Amino acid sequence: MSVKRKGNSTVTIFPDWCKGCGICAAFCPAKVMELNDQGKAVVIREDECINCGFCELHCPDFAIMVRPKVDDEIPAVCRAVLEKAARKTDRPAASGGAAEKAGSGKKKE
């Protein structure tokens, strides 16, 4: 059994896909998310995430992605998708521009 460590994961919520069911916030063992005033899930304590994956697996809208913070563990295709999502949500991508480094993404102007 793997050891669950806090702070080694990045949680991304795609707000356009989130329907606000609240499953993620209600059942997260580390209470990483909650619903905002618009009824959408938001990450409030990302450092508490233990990367259990419950939210990602149980989100009926596929609106949540949990990934390791270390770039080497993220495939290039996934990095490009995550950086695109980060631009849309005005949140910095955890991959630190890895897609541009790998030559698989467009540079942000």
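The exercises below concern a predicted model.

**Exercise 1. The salt bridges**

Determine how many salt bridges there are, and locate the partners of each pair.

*Solution.* The cut-off needed here is a Lys or Arg side-chain nitrogen within 4 Å of a carboxyl oxygen of Asp or Glu. By this rule, the count is 2.

Step one: Glu 48 and Lys 6 form a salt bridge through their side chains, at 3.0 Å from N to O. This pair links distant parts of the chain, 42 residues apart, with Glu 48 in the loop between strand E3 (41-43) and H2 and Lys 6 in the segment before E1. Glu 48 is partly exposed at 30% relative accessibility, while Lys 6 is exposed at 51%.

Step two: the side chains of Asp 47 and Lys 69 form a salt bridge at 3.7 Å, N to O. Asp 47 sits in the loop between E3 and H2 and Lys 69 in the loop between E4 and helix H3 (76-89), so this pair ties together parts that are 22 residues apart in sequence. Asp 47 has a relative accessibility of 52% and counts as exposed, whereas Lys 69, at 33%, is partly exposed.

**Exercise 2. A charged residue in a strand**

Work out whether Arg 67 is buried or exposed, and what its side chain contacts.

*Solution.* Second, check burial and charge: Arg 67 is buried yet has no salt bridge. The nearest side chain of opposite charge is that of Glu 46, 6.4 Å away, and the salt-bridge cut-off is 4 Å. Third, look for a polar partner: the side chains of Arg 67 and Thr 12 are joined by a polar contact of 2.5 Å.

**Exercise 3. A histidine in a helix**

Describe where His 58 lies and how far its C-alpha atom is from that of Ile 23.

*Solution.* His 58 is in helix H2 (residues 54-58). Its relative accessible area is 40%, so His 58 is partly exposed. Along the chain, His 58 and Ile 23 are 35 residues apart, yet their C-alpha atoms are separated by 7.4 Å.

Conventions
Residues are numbered from 1 along each chain as its sequence is written. This is a predicted model: local features need pLDDT of at least 70, side-chain atom pairs count only at pLDDT 80 or more; totals for chains, interfaces and linings use all residues. Side-chain values use heavy atoms; hydrogens and water are left out. Helices (H or I, at least four residues) and strands (E, at least two) are DSSP runs, numbered from the N terminus. Buried means under 20% relative accessible area, exposed over 50%, partly exposed in between (1.4 Å probe, protein chains only). Lys and Arg count as positive and Asp and Glu as negative; His and the chain ends are not counted. A polar contact is a pair of N or O atoms within 3.5 Å; within protein, one must be able to donate a hydrogen and the other to accept it, and residues adjacent in sequence count only if both atoms are side-chain atoms.
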